[in-house]
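Student: Please take me through a protein model step by step, giving me the general idea of each feature before the particular case.

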Amino acid sequence: SDLIHSENPTLAPLAKLGEVHFRITARADSPDAAEQMIAQMEYAVRERLGAFIFGVDETTLEQAVVQSLIEAGQSLAVAESCTGGLLGHRITSVSGSSEVFLGGVISYSNALKEALLGVPRSVLETHGAVSEPTARAMAEGVRQRLGSWWGVGVTGIAGPSGGTPEKPVGLVYIGVSDPTATVVRSQVFPGDRATVKHRATQYA
């Protein structure tokens, strides 16, 4: 909060959909002096936020992800249910993504989750399509079947219908798998159908 209360340079938080931008503005006698003040504030912000920062200026999250994959020499494949291909679309909107993005499966139905990704029928029958075990199996299945380093599985309830007290509208499970482990996280995202889908891809 001390940085935000700075008067020159100023640090202004700007809330965006699924992310926060910080605008740094400086007043000085010369452009060089202003740039130096901005650089000092940026350094202070980076000290506080570290890995939460994915870019500067016009960098998008998907650009940062693609660049990280290129630098690591790793590939990605996605399995999407509730997001309907939006995650793959965001990745492929980045020039150079073909170096690392192998492709994706839009497995909206349970039958395709089972047939294309190898999600066990017992998991779907016992836990349902929107569940931790299904997201886990989707992530692992797409990674193994497409031969990528990373696999991401997304399943949820985008709404406005389909929710229950146990599984409300906005509930999304996201699985991320690499050759050593699979991690699944869940979130309940607020908003209409398009907003839930965007927030889900942002979180993924």
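Predicted model: local features only at pLDDT ≥ 70, side-chain atom pairs only at ≥ 80, totals over all residues.

Student: With which residue does arginine 46 form a salt bridge?

Tutor: In general, a salt bridge is a side-chain nitrogen of Lys or Arg within 4 Å of a carboxyl oxygen of Asp or Glu. Here the partner of arginine 46 is glutamate 42, and their closest N and O atoms are 2.9 Å apart. Glutamate 42 is itself partly exposed, at 30% relative accessibility.

Student: Where do glutamate 42 and arginine 46 sit relative to one another in helix α1?

Tutor: The general idea is that an α-helix has 3.6 residues a turn, so residues three or four places apart point the same way. Glutamate 42 and arginine 46 are four residues apart in α1 (residues 31-49), which separates them by about one helical turn. Helices here are DSSP runs of H or I with at least four residues, and strands are runs of E with at least two, both numbered from the N terminus.

Student: How many salt bridges does the rule give?

Tutor: The count comes to five. Among them is the pair of glutamate 132 and arginine 136, at 2.7 Å from N to O, and these two residues also lie four residues apart, in helix α6 (residues 132-146). Glutamate 132 has a relative accessible area of 28% and is partly exposed, and arginine 136 is likewise partly exposed at 28%. Another is the bridge between glutamate 114 and arginine 121, at 3.3 Å, in which glutamate 114 is partly exposed at 28%.

Student: Which residues of α1 are buried?

Tutor: They are Ala34, Met37, Met41, Ala44 and Val45. Seen down the helix axis, the buried residues fall within an arc of 100 degrees, judged by the directions from the axis to the C-beta atoms, so they line one face of α1. That face packs against β1 (10-16) and β2 (19-25), contact meaning heavy atoms within 4.5 Å. On the other side of α1, Pro31, Asp32, Glu35, Tyr43 and Glu47 are exposed.

Student: What span does α1 reach from its first C-alpha to its last?

Tutor: The expected span of a helix is 1.5 Å times one less than its number of residues. With 19 residues, α1 reaches 26 Å, close to the 27 Å expected. Glycine 50 follows α1 and has a positive phi, near 50 degrees.

Student: Which residues form a nonpolar patch on the surface?

Tutor: Patches are made of residues with over 30% relative accessible area and no salt bridge, with like charges joined within 9 Å and nonpolar side chains (Val, Leu, Ile, Met, Phe, Trp, Tyr) within 5 Å. Here Ile4, Val20, Phe22, Leu49 and Phe52 form one, with about 490 Å² of accessible area together, as given by the Shrake-Rupley method with a 1.4 Å probe, only the protein chains shown counting as cover for residues. Valine 20 belongs to strand β2.

Definitions and conventions. Residues numbered from 1 in each chain as written. Heavy atoms only, no water. Buried < 20%, exposed > 50% of the residue type's maximum accessible area, 1.4 Å probe, protein only.
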